[in-house]
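Here is a short briefing on one protein chain. Look at the structure first, then read on.

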Amino acid sequence: MDKLESIEEQWQSLATRVLPNLKPGMPQYDDMRKAFFSGAFCLFMFTKRLGEPDISEEEGCQYLDRIEAELLTFVRGVA
């Protein structure tokens, strides 16, 4: 078994826990899936950008710290 889940596997895990009464094809389910994948894509593209030569290690670390703080603020607000 692969230790790293695919985005789809992560989505399925979340949907099972958070949206137990919704099924694929239902508007709220489909919209949540689109939002989940859009967020994953956005973060992937930002993370990929960190490896480009015009981004220093210091800038990359500062960026990751800002993203972590932003996400923790969000999570605390919805928990």
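About 410 Å³ of space lies in the largest pocket. Keep in mind that this is a predicted model.

**The largest pocket**
- Its lining is made up of 14 residues.
- L14, A35, F36, G39 and A40 are the lining residues that lie nearest the centre of the pocket.
- Three helices take part: α1 (7-18), α2 (27-49) and α3 (57-78) each supply at least two residues of the lining.
- Which helix gives the most to the lining? The answer is α2, with six residues.
- How is such space found? Rolling a probe the size of a water molecule over the atoms shows where empty space is left.

**Fold and overall form**
- The protein chain has three helices and zero strands.
- Read from the N terminus, the order of elements is α-α-α.
- The radius of gyration is 16 Å, well over the 12 Å that the globule rule gives for 79 residues, so the protein chain is more spread out than a compact globule.
- Along the principal axes, the C-alpha atoms fill a box of roughly 45 × 30 × 25 Å.

**Surface and burial**
- Of the 79 residues in the protein chain, 10% are buried.
- The accessible surface of the protein chain is about 6,700 Å².
- Carbon and sulfur atoms account for 62% of that surface.

**Charge**
- The protein chain carries 9 positive and 14 negative side chains.
- The centres of these two sets lie 7 Å apart.

Methods. Residues numbered from 1 in each chain as written. Predicted model: local features only at pLDDT ≥ 70, side-chain atom pairs only at ≥ 80, totals over all residues. Heavy atoms only, no water. Helix = DSSP H or I, 4+ residues; strand = E, 2+ residues; numbered from the N terminus. Rg over C-alpha atoms; globule rule 2.2 N^0.38 Å. Buried < 20%, exposed > 50% of the residue type's maximum accessible area, 1.4 Å probe, protein only. Areas by Shrake-Rupley, 256 points an atom, 1.4 Å probe, with all protein chains shown as cover. Lys, Arg positive; Asp, Glu negative; His and termini not counted. Charge placed at Lys NZ, Arg CZ, Asp CG, Glu CD. 1 Å grid on protein atoms, 1.4 Å probe; cavity = no way out; pocket = protein on both sides within 12 Å on 5 of 7 lines; lining within 4 Å. Points joined across faces, edges and corners; volume = space filled by probe spheres on them.
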